[in-house]
Amino acid sequence: MTSRLADRLNAARRRRFVGRDGERSLFAAALAAGAWPFSLLYVFGPGGVGKTTLLYQFLATCDEAGVPGLYLDARNVEPSPDSFVAALQRLLGLDPAEAPAQALAARPARRVLCLDTYETLAPLDDWLRETFLPQLPEDLLIVLAGRRPAAPAWRADPGWQALVRVLPLRNLAPDESLAYLARREVPAAQHAPVLAFTHGHPLALSLVADLFAQRRDLHFEPAAAPDVVAALLAQFVQKVPGPAQRAALEACGLVRVTTEALLAAMLDTPDAHELFAWLRGLSFIEAGPLGLFPHDLAREALAADVRWRNPDWYAELHHRARRYYAARLQQTHGQEQQRVLFDYVFLHRDNPFMRPFLEWQETGAGQPDAPRDGDRADLLAMVAAHEGDESARYAAHWLDRQPGGVVVFRDAEQRPAGFVARVALDEADPADLGADPATRAAWRYLAERAPLRPGERATFFRFWLARDTYQAVSAVQSLLFANVAQHYLTAPGLAFTFFPCADEAFWTPFFAHIDLPPLPEVAFTVGGRRYAVYGHDWRATPPMAWLDLLATRELATEDTPTPAAPAAPLVVLSRPEFAAATRDALRDLARPDALRGNPLLRSRLVADRLGTAAAGPAERADALRALVTEAVEALRATPRDLKLYRALDRTYLRPAPTQEQAAELLGLPFSTYRRHLKAGIERVTDALWQRDIGTAPR
């Protein structure tokens, strides 16, 4: 019978495993007992202490005892009941309609379920303890492993008190550490300094062993550093086989999840397969369903090391990852697009100014949802509790008028934990806008300061809050902000957005940093409370240019909320001004000097093409020429428009000396040629206009 790769992996793990005799004996005794001495084994310890490795040993013990063992890494599960149940269904090979608890009960046999990285399921802890786990059959032993001790509720419940065994993990003892170093073939002469430096920390020991695997002649001289892992990684980065591996390791430490495609983009190489495989073989790099990621302690140390040691290279890696994510944002949709957005947000986690305003560790843990039957009362109760009855009446008004603009975030029990209500100002009835002081002020501002052009949209994020923490920093708030950013990046034709806040003093520095300045003219008062409003004109700084600006600010080392904005803001042309500029661009296609004076060079159209608002005049002129030429060439695809293309071609792309000669070359009466030319110009103008206001694919 052909052996599986999993068998070889497990054998390698067993060969390298040392110590934990007490923990393994406890588990083996439980397997050997006629009935489980406990129903839940709760393993906890700090990062890098070896929890996952111990779970693999438990599973190997299960295999030897003939007891089926199941393993689920919770980092790959969204903390919601539906996602957790779906993950168990996949693990058990069940159909979506089959309930895991019933399926396990229908297969009477002792088995073990190991649930790793349990700290990521903290929002589900109450639901698991009170609702899900009690449904499971008593012949199932559950092993939970996480960084944090069990919540007090496990100990406070008399029922669980008798069924839970808590197993804290600490560093390896000196004899266990020596045994590990010997198995990893670290020279005996180096054991003493290694032990003095690592103090038995399992991740640190594995890093040392990796150092010796890379260089057999290494003489270990630990630097004086309080952080063992950081110091070891600093040595490891210097001792890797070559610069390509070093760059791959640094890239992996910067991003949330590394795929082969992302690694190739960050290293600017067409083929990153071998480097990806090398990363995958390192002891502190783990593999998940979405890609590779370093151990958390290793990631922090890697990112800090490269940023301190080579800030220019750090900035370049940051830029390449950002460029990759920006492209992916435009290629994806729905939940996949949101995941890419979380990856993009994660890229900026080290910025000292942004860190206090977002809960990075929880971001991405849930998915936005549409309102369900019965949600309305809960949402209005949230608003009334935090903003008062008058505000709740306005919320009811907009929930009834524009229910499609409401996005709900749910807790483990699937109750609304927060929501955001987007009001499409351009779609609202004037009477509805006037009935709410917030939308009334925003609509007046648009009319006086930033009129919407035909086809453009404006969004007011009228209500946003978490049920328990209102507008304070929280996991729900961070998820909500990510959803708002997704709207910024993907809403077709978006021209202007407004975002209100109750705590102006706290949030103004944050919104200034992300280029949403306060708009005093739009501030409003409801229920005796004043709400500041922050806005952004997406025609002046379109989404891709905005991301470029944020990236520049994120890489700043100074803790300042107001770094300089890009020079020369973009222009917002009316439809007649845009048409005139398009005609001039067609006329000047073959005259680069004349084209550089065209107002379209400072338009969103060109900025989106370049992906930045900071390009030089020559780059802008080239981009405009390419855009206009593509719009003309597109007319060739439709037989009905072919005559329009020919008129434009002989007038602007391959111009005849005069329009009369162009008509003659086309074999057309001059009046017919002029009619075709006028229609062609209008078609090109309309195509470019749709791209400028953001309603056409780019």
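Predicted model: local features only at pLDDT ≥ 70, side-chain atom pairs only at ≥ 80, totals over all residues.
Residues are numbered from 1 along each chain as its sequence is written, and side-chain values use heavy atoms, with hydrogens and water left out.

Let me start with the sheet. Five strands, in the order β2-β3-β4-β1-β5, form an open sheet with parallel pairing; helices (H or I, at least four residues) and strands (E, at least two) are DSSP runs, numbered from the N terminus, and two strands pair if DSSP finds at least two bridges between them. At the edges are β2 (69-73) and β5 (164-168), each of which pairs on one side only. On average, neighbouring strands of this sheet are turned by 15 degrees against each other, direction ignored. Within the sheet, β3 (residues 111-116) and β4 (residues 140-146) pair in the parallel sense over five bridges, and Leu-113 has Ile-142 in β4 as its bridge partner. Helix α3 (residues 51-65) packs on this sheet, touching β1 (40-44), β2, β3, β4 and β5, and its direction makes about 160 degrees with that of β2. Helix α4 (residues 81-92) also packs on the sheet, where it touches β2 and β3, at about 140 degrees to the direction of β2. For these angles, axes are lines fitted to C-alpha atoms, for helices over the stretch in contact, and the values run from 0 to 180 degrees between N-to-C directions; contact itself means heavy atoms within 4.5 Å.

I turn now to helix α26. Which residues of α26 are buried, that is, under 20% relative accessible area, where exposed is over 50% and partly exposed lies in between (1.4 Å probe, protein chains only)? They are Phe-578, Ala-579, Ala-581, Thr-582, Ala-585 and Leu-586.

Next come the salt bridges, of which a search of the whole structure finds 38; here the term means a side-chain nitrogen of Lys or Arg within 4 Å of a carboxyl oxygen of Asp or Glu. Asp-411 and Arg-467 form one of them, at 3.1 Å from N to O. Because Asp-411 lies in the loop between β8 (406-410) and β9 (416-424) and Arg-467 in the loop between β10 (457-466) and α23 (475-490), the pair ties together parts that are 56 residues apart in sequence. Asp-411 is buried at 14% relative accessibility, whereas Arg-467, at 26%, is partly exposed. Another salt bridge joins Arg-539 and Glu-456, with the closest N and O atoms 2.9 Å apart. Is Arg-539 buried or exposed? Arg-539 is buried, with a relative accessible area of 2%, and Glu-456 is likewise buried, at 5%.

Finally, Asp-515 sits in the loop between α24 (504-513) and β12 (524-526) and is buried, with a relative accessible area of 17%. Setting aside neighbours within four places in sequence, its contacts include Gly-535, His-536 and Trp-546.
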